[in-house]
Amino acid sequence: EDRKLHDIAASAATERWEAVRAFEERIQVMLQDILRQGRETEEFERKTPLDEAARAIYLVMRPYLNPLLLQCSFDYTDDAPAQLSSLILRSLSP
């Protein structure tokens, strides 16, 4: 609803501003930390390399983090997050 804010976020994503790159890196580091903790407690599988699993999960989440992709996902925002979360968690189970 706030078009100016969306335009700024879209420009930042398109032009790959430093803040965008830092945000993406923080998300990926956070995912690796979550996966590492899950593996240490034997809640997640350990066969897939950690960086590969984190990257795949990030790619699933990306349409909901990137303003350019988010606008293409409005038709799925009610059901997709829960379905994608379930898929990810099932794929991580030992």
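Predicted model: local features only at pLDDT ≥ 70, side-chain atom pairs only at ≥ 80, totals over all residues.
Student: Where does helix α5 lie, and how many residues has it?

Tutor: Helix α5 covers residues 80-92, which is 13 residues. From its first C-alpha to its last it reaches 18 Å, close to the 18 Å expected at 1.5 Å a residue.

Student: Which residues of α5 are buried?

Tutor: Burial is judged from relative accessible area, and a residue under 20% counts as buried. In α5, Ala80, Ile88 and Leu92 are buried. Viewed down the helix axis, the buried residues of α5 fall within an arc of 95 degrees, so they line one face of the helix.

Student: Which residues are exposed on the other side of α5?

Tutor: Gln83 and Arg90 are exposed there.

Student: What do the buried residues of α5 pack against?

Tutor: Their packing partners are α2 (18-40) and α3 (50-65).

Student: Let us turn to an arginine. Is Arg39 buried or exposed?

Tutor: Arg39, which lies in helix α2, counts as buried because its relative accessibility is 13%, and the cut-off for buried is under 20%.

Student: What surrounds Arg39?

Tutor: Leaving aside residues up to four places away in sequence, Arg39 touches Phe44, Glu45, Arg46, Thr48, Pro49, Leu50 and Ala53. With Glu45 there is also a polar approach: a polar atom of the Arg39 side chain lies 3.0 Å from the backbone oxygen of Glu45.

Student: How many salt bridges does the structure hold?

Tutor: Side chains of opposite charge can pair when their charged atoms come close. The structure holds 5 salt bridges. One of them joins the side chains of Arg16 and Glu24, at 2.7 Å from N to O.

Student: Are Arg16 and Glu24 buried, partly exposed or exposed?

Tutor: Arg16 is partly exposed, with a relative accessible area of 34%, whereas Glu24 is buried, at 12%.

Student: Where do Glu18 and Arg21 lie?

Tutor: Both residues belong to helix α2, and they stand 3 residues apart, about one turn of the helix. Glu18 is exposed, with a relative accessible area of 52%, while Arg21 is partly exposed, at 38%.

Student: What is the N to O distance in the salt bridge of Glu42 and Arg46?

Tutor: The side chains of Glu42 and Arg46 meet at 3.1 Å. Glu42 is exposed, with a relative accessible area of 54%. Arg46 is also among the residues that Arg39 touches.

Key. Residues numbered from 1 in each chain as written. Heavy atoms only, no water. Helix = DSSP H or I, 4+ residues; strand = E, 2+ residues; numbered from the N terminus. Expected span 1.5 Å × (residues − 1). Buried < 20%, exposed > 50% of the residue type's maximum accessible area, 1.4 Å probe, protein only. Arc of directions from axis to C-beta. Contact = heavy atoms within 4.5 Å. Polar contact = N/O pair within 3.5 Å; in protein donor to acceptor, adjacent residues only side chain to side chain. Salt bridge = Lys/Arg side-chain N within 4 Å of Asp/Glu carboxyl O.
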